[in-house]
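New notebook page. I'm looking up the fold first, then the aromatic rings.

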Amino acid sequence: MADSPQNQPPPPSSSKIPSEIRDGNKTNFSGQKVHYPNPPDASNPDPATLREQWRFAIKQYSRWYSHAWGTAILAGLSFFALGWIIKGSNPLPSFKNDDSPSTSSPPEDDNKAQR
């Protein structure tokens, strides 16, 4: 059973391997024509096809654009909430209350009493 051809791997064939792989992806710039994997069409498609492709592209772009904005807003709100949780109060200094006393400068009376 071990001699059956079904269990044996096919023999390696160097003729099926593209030259780019065999040469280790060496690029030759000696004026050879470049072969693209997806060549352009020989002629432009008809207007109905172009219109359909354009509408599809606009729909896709709109979807991606709205998803990007939604993700950005959600991330911003999440980081704001995380900052609020870590700090214990509003993490944005521009929105602090003016009613609370400022602790950045000591009162004038304390400086005079120490001298």
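My entries below go from the whole chain to a few side chains.

I'm working with a predicted model, where local features need pLDDT of at least 70, side-chain atom pairs count only at pLDDT 80 or more, and totals for chains, interfaces and linings use all residues. Residues are numbered from 1 along each chain as its sequence is written, and side-chain values use heavy atoms, with hydrogens and water left out.

**Fold.** I found three helices and zero strands in the protein chain (DSSP runs, H or I of at least four residues for helices, E of at least two for strands, numbered from the N terminus). Along the sequence the pattern reads α-α-α.

**Burial.** I noted that buried residues make up 3% of the 115 residues. Buried means under 20% relative accessible area, exposed over 50%, and partly exposed in between, using a 1.4 Å probe and protein chains only.

**Record check.** An unreviewed UniProt entry annotates residues 64–86 as "transmembrane region"; such annotations may be inferred rather than shown by experiment. I see that this span is 100% helix, with its end C-alpha atoms 32 Å apart.

**Rings.** How many aromatic pairs are there? I got three, counting rings of Phe, Tyr and Trp (its six-membered ring) with centres within 6.5 Å; planes under 30 degrees apart are stacked, over 60 edge-to-face, the rest tilted. One of them is Tyr65 with Trp69, edge-to-face at 6.5 Å centre to centre and 65 degrees between the planes. Both sit in helix H2, four residues apart, about one turn of the helix. Tyr65 has 45% relative accessibility, so I wrote it down as partly exposed.
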